[in-house]
Each structure stands twice: as C-alpha cells, then as structure tokens.
Amino acid sequence: MRQTLDFLLNDWLRVEQLNTRARFAEHSTETYGAVLDLAEKLAREKFAPYNRLSDQQEPHFDGERVHLPEPTHAAMRAYAESGLLAASQDEAWGGMQLPCVIEMAAQSFISKASVAMSGYAMLTQGNANLLMAHGSARQREVFARREFEGRWFGTMCLSEPQAGSSLSDIATRAEPDGADFEQDPLGPRYRLRGHKMWISGGEHDMSENIVHLVLAKIPGPDGQLVPGTRGISLFIVPKQIVDASGELSGERNDVVLAGLNHKLGYRGTSNCLLNFGEGRFTPGGRAGAVGYLVGRPGEGLKCMFHMMNEARIGVGLGAVMLGYAGYEASLEYARQRPQGRAMTAAGKDAASPQRPIIEHADVKRMLLAQKSYVEGGLALALFCARLVDELHTAEPEAAAEAGRLLEVLTPIAKSWPSEWCLEANSLAIQVLGGYGYTRDFPVEQYWRDNRLNMIHEGTHGIQGLDLLGRKVVMEGGRALLTLAGRINKSIEAALQRPGLSELAHGLAAALARLGRATKDAWASGQPEEALANATPYLQAFGHVVLAWIWLELALAVEGVDSDFAQGKRAAARYFHAYELPKIEAWLAVVSRREALCREMQDAWY
C-alpha cells in the first residue's frame, strides 16, 4: 500500500507543489514522508494487533460508564501523543500545518489497521474543526484546544429515535438558561431536553471529558418548535461541566447513557442512545443539560454540515481502507493456496502438481476488481483532500473551482467507496472460499465493519438525492460543468497516447451519456419524477468519476515499464472494460424517469 500511496501523492497529485504556499512553506517531501512513517508505525504497533480484540470485546456498560479494552486506551493515547489529532492545525494550536491531503494519507493507515478505534479520532478531529470554523474564541480555546490535545474527545449528535435521518423532525428542545443566559463566557447558555440515537463515541472511559455537538430547536415565542430545518441550532454540551477557563468543575452535566446499540460491525466504537435533560444529574441545582450555542440561532445545520461533509469524506476513506485490508489479505492467500490444475486440450492431468489459485483466471478477475475498487477509491479520497487544500490556500479562482468540485464530489467520495469497497470485501471472502466466512481469517470482520458505511453519515438514498436534487443543478449546473471540464482535459491528454485512446473514447461517451441523463431526469421539471431514480444516478455518476480517476492514473504511469506500472494499467483497463459499461443500465431508468418505484403501492407487496 505504501508504494501506491507515495505514487498517488508524489507522481499524481504533486503534493510538493503545495510547499510554495506560505502555510506549507516549512514542509518538504521528507517531512511528509516522516509523517506517513509515523502513522504507519502507529497503525502497525498500536491499532492493528488489537483490531480483532475490539471486535470481540465490545464496549460494556456497568451502570455508570462504558468500558473499553485497555489496548483501545493505549492506541488512542499514542495517537494523541503523536500530534496527529491536530495535524492540519496552526502551530499555535499545537498543529503541524500539514496539508489536508497528507493528514488524510496518514489517517488511511490508522483506518486500515482498525476502523472502529480510529472512529474516536475522526469524530474528535471533526468536532474540533467545526468549532475552529464556527465557534467563538473562548469556545475554540476551551473545547477545541483540549480536543486537539487528546484530553477530551468529541461526538456529533444529530439523529433521534423518532426522526432518523429526517433532521427537520428532531424534537430536542433548547431553552434559555436564566435571565443572564447570554452573558456566559462560553456562549449563550441553554438547557437541552431530548434524546439522541446512534451516537458513536457517545460514552466511554478514554478521556476526562466528552464534548457533544448537539442539534436542537429553540422554541418560538409561543413555546412551540419551529417546523423544518430553519429552527435547528447547534450547541456544545460537555459531559462534565467546565468553568470559563476550561477546568473541570467536578459537576456532571445532565447527559446520560440510556443504552448501547450492538452492531454488525464497528463493534469497537461505542454506539449510544443518549438522554439529555432527564434529571439524573442536576447541574447548577436543577435538571436540564447545559449547552452553549455555537454560531447564531437557526444556523445549526449550516454549522453542522462543516463536520458532516468532513465526516462523509472520512467515512469514504474508512470504507476504502477496509476494502484495501481485505484485498491484501485475499491476495496473500491466493498466492499461497494451492488448488486445481491447469486445463489443457487433453483435460487436466491429475498427476501434475496443484497450482496457486492466483493462476486461475476467475481468481485474477476477483483480485483485479478489488484492486480497481480500492486503489481507485483511495485516489478519489486523496483527490478530494487535495481539493480542500486548494480551497483554503489557492488563488481565488482556483479556490472557487475546488469548492465547486468538492460540492459535486462529496456525495461520491462518501457513497462510492461504501458500496464498491464493500463489494471488494465480499470478493475477498469469495477468494478465500469456505475459510473466508470463518473467524480464523480477518476478511469476514472487514465485510461486517464495512457494511455500516453505506448507512453512516447519510445513506445511499440521501446521497443520491443530494447529488441529483441539489449538487448537479445548483447555479445552473456550474459544478457539474466544472467537473466535466476537468474530465475532458484528461480525455484530451489521453487521446494523444495511443495506448490510452480507447479508454479515452469510452470515457467521453460515458460522460456524454451522463450529461444526457441529467437533462432527461429534469425534463419534466417535476422533482418527484426526477428523484425517483436518484440512487441509480448516483451509482452511474460514481462509476464515471472512477473511470476518470483510473484514466488519470494510467496517464501518470504512461511510459513506465515496471510491475507496479503494469498493475495500474491493468486495473485501469479492468475498470473501463468490466465496470464502466454498467452505467447504461443505471442511466436508462433515469433518462426515462422510470415510474415503477415511485408508483408502487404498499398493498402490492
């Protein structure tokens, strides 16, 4: 994996070009390599050895708090001490001022070693990053700084039992806490009451405090909650009450664990139902969870999207690395497992020695599929991270272009790896045969862990609605046109290379087909008709993007004669030959606005 990572960063994304910018001027290829070495060592020594343990010894609740196996504590302490929690932050905040693309590359090692344990770090980073963007100076100093130091961990609390992904229906209330509620140094102070479900990292014993970022609604003058998303605000709700300087007061906030969810995978990440304001604890002498407003009232969802979008790319990366782990395990197995004999014109010679299964064409197919999914998915995630660096440090025109590309690619960066790197895990099990679904080998756990990612941070259906319903039509389709422009530049470059012209022509036809389907979907102007097939559209869109990524990677190894380069060319050929043709079936129902699923009646089932 490291060779592929170095290739993507140095030969394709040209990360050394970032060093000409003031923010990254102190860095070099050598410092980036040292960071990756550090992350790889942490992953190998602190996370990977206990990945199975975290799966077998799930978090347990003793009535007071949730306990995790000691190796989880040790891994997270080592991660915090490494400085990686604040890797991309300013030096004044204990950071290294690393580019986002290097931070994500480093995170890839941790996710691959143990995606469940790495989840605590991802949530804490995202929580602190949101506060850096939207919190007050005091909120950044008190809460974000301690999260970057690894003293406190963070969560995001959106979903509720009765609302699920429909955030407009959340019912958690936030009411002003006293007449002086606006005078609190930590921000306007409220009391929250409600329930939050599926909260990863919501309770554990690894840090001295947990910083919950909670979506809730402030009642209107009539005492009623405002319908829809307009009334949603965002609050910091710490597990332990702190004073204005960030010192623990010794008083527990009114946030309690109602129960743990026991999941198919990601078992090492505690997943909680939390009750806010039920009166179990009485901070300040009365019930109600104390929370501090972040930003302005009614802008909670806008603020939370900062963390949600970051988490979506992080989920996509986690899905990639689970797929990558399964690919490497099945590749190693296929090289060592003897089974079957060569077929000749005269049939099989039973007296001849068995050959490794990697010599069978169908096993090669399954391994090539995995390679194309996981290496393509890793390239996509790093490309999106590189766009984040452009967004924050490039000249205005380039930054604006990067922003448009991120808008349209974020649903793909989350959803595509979640589906196709899960398929890679399924193929890894298939390569191992009967051994694949036993716990003697790790591939069954990788599949179980990865199955959650199609639901994490917005299901496939939600991502499809976001892509077709908003991203590709916003500003008259400007983001889609920007992406098409980038793809066409790659096509033009490939057409000049005889070995890549066939792939370029195929991608050009696929891009044109996607454009026609987008117009066809909206031809009637009826959202219900356009969006009924948003998921097939998402799948096709993702495959076009990945075909582009693979064309780019093939261009990057053009003229190189090595096994490594041959492998990249083979994966590119595989994706274009076996995967890209699938888009026609997906886009056909989009173009004709197939009504079956929209018109299906409950009673007909």
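Here is a short walk through the chain, from its overall build to one of its helices. The model is predicted, with local features needing pLDDT of at least 70 and side-chain atom pairs pLDDT 80 or more, while totals for chains, interfaces and linings use all residues. Residues are numbered from 1 along each chain as its sequence is written, and side-chain values use heavy atoms, leaving out hydrogens and water.

Let's start with the whole. The chain has 19 helices and 14 strands (DSSP runs numbered from the N terminus: H or I of at least four residues for helices, E of at least two for strands). Its radius of gyration is 25 Å, close to the 25 Å that the globule rule gives for 605 residues, so the chain is as compact as a globular protein of that length. That radius is taken over C-alpha atoms, and the rule is 2.2 Å times the number of residues to the power 0.38. Of the 605 residues, 57% are buried, with buried meaning under 20% relative accessible area (1.4 Å probe, protein chains only).

Now zoom in on helix α4, residues 70-82. At 1.5 Å a residue, its 13 residues should span 18 Å, and its end C-alpha atoms are 18 Å apart, which agrees; the expected span is 1.5 Å times one less than the number of residues. Buried residues in α4 include His 73, Met 76 and Tyr 79. Among the elements that cover the buried residues of α4 are α2 (29-47), α5 (100-113) and strand β3 (152-157), where contact means heavy atoms within 4.5 Å. After α4 comes Gly 83, with a positive phi near 90°.

Technical notes: Buried < 20%, exposed > 50% of the residue type's maximum accessible area, 1.4 Å probe, protein only.
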